[in-house]
Amino acid sequence: MNPVFQLVNIDPYLICQVHNGGCQHRCVNTRGSFYCECNPGFRLHIDGRTCIGESQCHATQ
């Protein structure tokens, strides 16, 4: 079976159960969707899934 097909057909309330929803730190289920959150000291990258350390953010400014 095609893995993409399986992911598309997964129950939206279980999306965080499969590979943490693609989130690096935390996956949060919402009604029919999900979003990613980062641990303290990190912020969410523009990709919406990767977490960047706050010290890395300040180093690039």
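A residue is termed buried when its relative accessible area is under 20%, exposed when over 50%, and partly exposed in between (1.4 Å probe, protein chains only). The model described here is predicted, so that local features need pLDDT of at least 70 and side-chain atom pairs count only at pLDDT 80 or more, while totals for chains, interfaces and linings use all residues. Residues are numbered from 1 along each chain as its sequence is written, and side-chain values use heavy atoms, with hydrogens and water left out.

The protein contains 2 helices and 4 strands, where helices (H or I, at least four residues) and strands (E, at least two) are DSSP runs numbered from the N terminus. Along the sequence these elements follow the pattern α-β-β-β-β-α. Of the 61 residues in the protein, 18% are buried.

Strand 1 (residues 26-30) pairs with strand 2 (residues 33-37) in the antiparallel sense over 5 bridges; pairing requires that DSSP finds at least two bridges between two strands. The hairpin of these strands has 2 residues between them, and Gly 32 takes a positive phi near 80° there. Within this pairing, Cys 27 stands opposite Cys 36 in strand 2.

Disulfides, defined as pairs of cysteine sulfur atoms within 2.5 Å, number 3. With bonded cysteines counted along the chain, their pattern is 1-3, 2-4, 5-6. Cys 16 is buried at a relative accessible area of 12%, and Cys 27 is buried at 16%. Another disulfide connects Cys 23 and Cys 36; both residues are buried. The torsion about the S-S bond of Cys 23 and Cys 36 is about -70°, so the disulfide is left-handed. Cys 38 and Cys 51 form a disulfide with sulfur atoms 2.1 Å apart. Because Cys 38 lies in the loop between strand 2 and strand 3 (42-44) and Cys 51 in strand 4 (residues 51-53), the pair ties together parts 13 residues apart in sequence.

Glu 54 is placed in helix 2 (residues 54-59) and counts as partly exposed, at 30% relative accessibility. Beyond residues up to four places away in sequence, Glu 54 touches Gly 41, Phe 42 and Arg 43, a contact being heavy atoms within 4.5 Å. The C-alpha atoms of Glu 54 and Arg 43 are separated by 6.5 Å.
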